[in-house]
Structures are given as structure tokens and as C-alpha cells.
Amino acid sequence: MRSARRNVVRRRGTGLASIWRYVLAGVGLAALLAGVLAIVYLTAPQSAQLAGPDVARTKKTDNGLYVANFVPERGVVRQGELESWLLTLKTKTGDAVEGAAIAISGGMPQHNHGLPTSPQVTDYLGEGRYRIEGLKFTMSGWWQLRFAISSGAGSDTVLFNVVL
Amino acid sequence: MRRLFCSLALTVAAIVAGCGKPDFSDAEKKTIASLALNTLPPLKPDTTNRFADVPAAAALGSTLFFDAGMSRDGTVSCSTCHKIDRQFQDDLPQAVGVGRTNRRSMPLAGVARDPWFFWDGRRDSLWAQALTPLENPLEQAGNRTAYAHYMKARFGERYERIFGPLPDFSGIPQNASPLGTDAERAAWNAMSDTQRDAINRVYANIGKAIAAFERSIEPAPTRFDRFALDLATGAEPKGDAAFSREEILGLKLFIGKANCVTCHNGPRFTDNGFHNTGVPPVADLPPDRGRVDAVAQVEADPFNCFGAYRDGDVSACGELRFMVKDAPELVRAYKTPSLRGAATRPPYMHAGQFSSLDEVVVHYAKAAPSVEGTSEIHPLELSDRERAALVAFLKTLAE
């Protein structure tokens, strides 16, 4: 920095032409810098989060027996708090699924840990809607929730991704 | 024109030299903001303790917290191990009360915000927690009826003004408890159900008063918080809010490559969860399996959220209701401690296994496997400079 300033002082008053030379040099430097930054940026490791898991809230179950919809009961997800979510189950033909047995598991695939709580179905609200209580997302990142569903229509599984 | 040139040269020089404002990505900025103390929400009411926010209860609780009369031999109080001028801990690898315990005393700043208490979370409320050391033979070593008699004799009037009339003490033995010596247990079993319930109620109220006091123990803003606030508002960090290059590197590692923020997140630097991090056991202590053994204990505790001594309704008991009861990851899992103030209170971990932050960081970098269960920590490639930077950053949480 100091040497740059000394340069300026020494070359004081050498005329317009030399100022243009500086501008040119400045532009050159800036271009070089942009190039370096671009390389750093482009070669940075791409994390899975950039691609992003499928966070659809409505999905067909793995064997296509049901259509499941999974949403937070209050609309928003709050990190670190016990929450209740609604799982709505319809058959392929759009009928509400009643009396389903639902097992819930999950975790964070990038951190090798399971859920910090054991959420359960606590209520059937009619029209295929099941209340699931005791969900807690203790950190931001990619969470997975797996549902094993079994009813008169058969047994099937579905996985939802939740990204915080 | 010359001024233009100067500023251009200065900018280039600044970028090349790496000085000037720290540059963080938007994602990093978001994470840093989420760690700052100003994002700590107000303390929620504790409906299981209707005295939680009653000032007279907190005042009585404070008296009890510092009162060595609250122990078998009159020498130990909560403050023996939770020292007010030492972040409410004692600087020892394992706490010493009436005897030497097997775990390290935990600092108490912000503890009222936790869902689980102790390193293994074997209690589910602050007031139920307070009842445990009182009867632990290695800590305060007292017994339930002795504490009830003591309350009547020393604090009868104060107690009754807060909690209502004390029970009839006629026929209540001096020393009796379901957890005490053989004689104390026999005396407890000889009491009527009504008597036992009356004593349990006085005992629970002792816990509720102490918990009301503990709710006032909150973390204080640190250099990191001042830095984070300036970063969020775009202000130039001034004075001690400015971070050195090493501290900035440490912060970037903490929230980035070193993955610390996975578990140490939010304004208290804890996810309130339990994790096996491969911390080795201490050779001469009894086996300690952490969370996996605490599940049955909290379920059996008569003062837990489902028990008869809870105020308010059962909707407050979600944590207990939806607790993970059997999962392999509970083996040797311990509660993620807050890292606020950690730099000035070695030793570290649940039994004081490490005596410095350098040792802690070496432990995380090596990620040795756990003696039992599976460690969630993965080895890190950290240079000496990066390890020192992590420690430098942790120190900003204690200044």
C-alpha cells in the first residue's frame, strides 16, 4: 500500500498520457482479479444442498397406493420447538384413507443421526387427515421423514424432505 | 483522476492483503446472525410451575440456593458447586459435595430454556432437577422429611405466604425418604399415603422456588455478539467488536468446514439435544452410558411432568411424551453444552476429560471412535493455524 502511494507521488505531473496508462493498468488488474475470483467460485465444491432435495409437500407413495400431503399445522416451521404437522392420505382415486396405521421415522442424512424426538400420530381429524405431534427440527439443514402407512388399501411408504 | 487512481490502488491492495471488512457469504451471515444473543427469544412461562415467575418464590429460592443448611451436615449448598462468581460452576473435573461425584458441575446461564437437565437429561423440568442433588448422597445428602422440617423451622412464614399452609407435621419422622438409607426408607414406608404426599408437595415447592430463582440466570452479551450485531446492520465493527483475522477464520471454520454449528447452534450454541461425540470415559469412575440410561430414570421420577406435582395441564409435557426411548445413538450421548463463557471455565466435557480448549479441538479433529456406541464426529483436516483459530473464536464467546 505504502509503495503504491509513493509511486503516485513520484510520477506527479507527468501528463495526461501516463494517467491513461494507470487507468489501463487498473482495468487490467481488476480483470485479473475478476478472473481469479471466478476460478475460485467455479471450482468451489458443490454441496448437495445446492442441488437441493425434492421438498414437495404432496407425493405419491413409493408403490403408488396413496397420495400423501405433509404440512406443518401452523403453516410455518420453527426450529427447536415441538411442532404438530398434518399428514393427509388419499387413495389413488382421491378417497380419504381412514383408520391407517402410521409409523414415523427419519433423521438427517448428512449428519448420520435420527430424529431428536419420536413423533406420533395423536389424532384423526377426518377426511384422511392425521395429526402428527412431537416433531422437532433441532438444526437447519436437510431432514427426512419416512412414513410407513398401512390400511385396508395396503401397505406403502413415503419419504418427505424438509429443508430448514 | 488521481483520487480515482488512489482509491483503485487502495482497493486492490486491500483485497490482496485480505484486510478491510471481513467478507462473509449471505449464508454465513445468516448463520452468524442466528447465533447472536439478540435472537434469544424471551423466556417462556413454565406452566408446570405456577410459582416460576412469582418474585417472592424466586427470592426464597435464592436463599435456599445459597443456604448450606440445605444439606445433611450443613456444609453444602447448590452454590458449593454452582458458584455465582464462576458462571455457576466450580472449575473441577468432577464436582465435590458431601462426596466426590462422577460428573462435572454444569454452568447455569440460560438453563431455564432447556428441555432436559443434567448431562444425560434425566430430569425434565428445572424444579424437578433441583430436588435431585438435595437427596443425592454425594451432593447435599439430605432427606425429604428433614428438608420439610427445616422449611417449617427456618422459613415457615415465607413458605406459607407463597405456597399456602404447611401440612400437619405431627407423626412425621425427622429423617425419611424413598431414596435414603435403609432406616430412612423404612421410616418413609411407615408413613401414610397422605403424609407422604404432603411431604412430597413441600419438597416439590422447594424445587419450584429454586427454579424460580434460576430463571433469572441468563447469558450476557459477548464480543461475538457485538461483532455479529455490527455485521448484521452493516456497521463497521468498532473497538473490541472488531475481530482479528484469526478470529474471523475461527468463526468461518466453526460455521463451515469444522461443522461445529451442527450441534452448537442458536443463540445459546446448543441444539438442546444429546450426542455421542466419542469423549472417552474417565478411568477410575463407574461406567457412564449417558442418555441411554437416563430414559428410564426420567420416566420413573415421581416429580416428572406426568406426575402429581406438576401445575397446569399435561399439554406442557410434550418433551417427555415424545422422548426418544430406545435408539442406538443414545449410548454415551450427552447434552450439547452451551459454548458461551466456555473459554474461561475449563475443564471440559461431562467428567472434565479435557483441560483446555486446545485439547477439545484436537479431540474433534481426531474424532476417535467411542468406547461404546457410535460417535457422530467425523475426522477433520485442520492445520495448526486452523485449530488455533477455532480456539481464538471460542474465546470471543467469553469476553
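This is a predicted model: local features need pLDDT of at least 70, side-chain atom pairs count only at pLDDT 80 or more; totals for chains, interfaces and linings use all residues.
Mentor: Residues are numbered from 1 along each chain as its sequence is written, chains are lettered from A and ligands numbered from 1 in the order in which they are written, and side-chain values use heavy atoms, leaving out hydrogens and water.

Trainee: Why is B:Arg103 called buried?
Mentor: Buried means under 20% relative accessible area, exposed over 50%, and partly exposed in between (1.4 Å probe, protein chains only). B:Arg103 has 16%, so it is buried.

Trainee: Where is B:Arg103 placed in chain B?
Mentor: In the loop between helix H4 (78–81) and helix H5 (126–135). Helices (H or I, at least four residues) and strands (E, at least two) are DSSP runs, numbered from the N terminus. Chain B has 14 helices and two strands.

Trainee: Which residues is B:Arg103 in contact with, leaving aside neighbours within four places in sequence?
Mentor: Among them are B:Trp119, B:Asp288, B:Tyr334 and B:His350; contact means heavy atoms within 4.5 Å.

Trainee: What makes H2(B) roughly perpendicular to H10(B)?
Mentor: Helix H2 (residues 26–35) and helix H10 (residues 245–255) of chain B pack at about 95 degrees, with axes 11 Å apart. Axes are lines fitted to C-alpha atoms, for helices over the stretch in contact, and angles run from 0 to 180 degrees between N-to-C directions. Angles under 35 degrees count as roughly parallel, over 145 as roughly antiparallel, 65 to 115 as roughly perpendicular and the rest as oblique. Therefore H2(B) is roughly perpendicular to H10(B).

Trainee: And why is H3(B) called roughly antiparallel to H6(B)?
Mentor: Helix H3 (residues 55–65) and helix H6 (residues 144–163) of chain B pack at about 160 degrees, with axes 9 Å apart, so H3(B) is roughly antiparallel to H6(B).

Trainee: How much of chain B is buried?
Mentor: Buried residues make up 55% of its 399 residues.
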